[in-house]
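Good morning, and thank you for coming. I would like to take you through a few local features of the structure that is now being shown.

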Amino acid sequence: MSVHQDFVRRAGFELDEFQIKAITALNAGKSVLVAAPTGSGKTIVARYAIERALELGRRTFYTTPLKALSNQKYLEFCELYGTETVGLLTGDNVVRPGAKVVVMTTEVLRNMIYSSTELSDLAYVVLDEVHYLQNPYRGAVWEEVIIHLPMEVDLVCLSATVSNAEEFAEWIGTVRGSTEAVIEEKRPVELHHFYLVGERRSGSLIMVPTEVDGRVNPEGSRFDGPAIGNFARRPARKSRYSTPRRVDVVEQFMDWGFLPAIYFIFSRNGCDEAVRQCLYEGVRLTTSSERYMIREIAESKVQALTDEDLRALGYAEWLEALEAGIASHHAGMVPPFKEIVEACFDRSLVKIVFATETLSLGINMPARSVVIEK
């Protein structure tokens, strides 16, 4: 049985046409750019590349733009391929760097290339969230990896749907050789977009759909940026609505069944302050059994820290909020705290995470809702 057929058999489900097309291209010795919506199964293509490389006795590097995503992929691959087969390289962790499958941030791979690290047995590099190349601040890292990686290494580029996927794949082909664009536009997980505003008179929150029958909802468009600017000329309308308080949003989401949720604030202090606000106002989102499991996870991951360290980090108050199902997640947190939040959220124990962009790309978390504050 071929690697291809064996992989399909073990997957336990019928592969979609775009997945089969990408796997066929890999078998033909091509690099691939897979552009597909979130939740459509792009990682299946990466898993095939990993297993094909393992069959050949060679290595695969799986790169992501964020430490949180690298941590999650590392745990996922450990379950799939066994702990001894998988390594992790981020700015925070170095685990089995010589393993057959190594998950890392893209910056780590770029640095490895420039330091002339031995890559002779490397078969594939997976560039997850490769559309990040368009990022004006960090996109150059992806570009440098694509250009300077040894030519014998094939790329598996995973991207959200982008308008210029064919053009992007063509550029990769000019620097890497034969590259096939595999594009899937069908979104398997439907998204519903709303404005959420507070009504001053009633004190209640109002949720207004951004679209009705595929068109911009005029009832909602008043809350968009340009429309809000008109409130200065219409003070009566301005006074009717307000930005919802974070605590009110969380409590309303609990009533509506919208939790777990990720609440993007894009300010580290704002994330931490939101947690304090919820804790101060008595928000409790967990059961006693969930609180017990949260404490178990937390205690297991802070064993390397001394009591003095934990006091300096405000561990007691932080854990109190975590046990209530509330947490923040941002680059200013110490790595064990971030890993605890990720582990608890992955198990649906934490119900609301106030986050900066650290949870914004490719994270496979069981969130029912996402709030973008600005």
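I begin with G220, which is found in helix α8, residues 218–221; helices here are DSSP runs of H or I with at least four residues, numbered from the N terminus. Please bear in mind that this is a predicted model, in which local features need pLDDT of at least 70 and side-chain atom pairs count only at pLDDT 80 or more, while totals for chains, interfaces and linings use all residues. Residues are numbered from 1 along each chain as its sequence is written, and side-chain values use heavy atoms, with hydrogens and water left out.

G220 has a relative accessible area of 0% and therefore counts as buried, that is, under 20% with a 1.4 Å probe and protein chains only. Beyond its neighbours within four places in sequence, G220 is in contact with Y195 and V208, contact meaning heavy atoms within 4.5 Å.

Next, helix α4 covers residues 67–81, 15 residues in total. From first C-alpha to last, α4 reaches 21 Å, close to the 21 Å expected at 1.5 Å times one less than the number of residues. Its buried residues include L69, Y74, F77 and Y81. After α4 comes G82, with a positive phi near 95 degrees.

Finally, I turn to a pair of helices. Which residues of α11 meet α12? They are R246, V247 and V250, and their partners in α12 are G270, A274, Q277 and C278.

Definitions and conventions. Helices (H or I, at least four residues) and strands (E, at least two) are DSSP runs, numbered from the N terminus. Buried means under 20% relative accessible area, exposed over 50%, partly exposed in between (1.4 Å probe, protein chains only).
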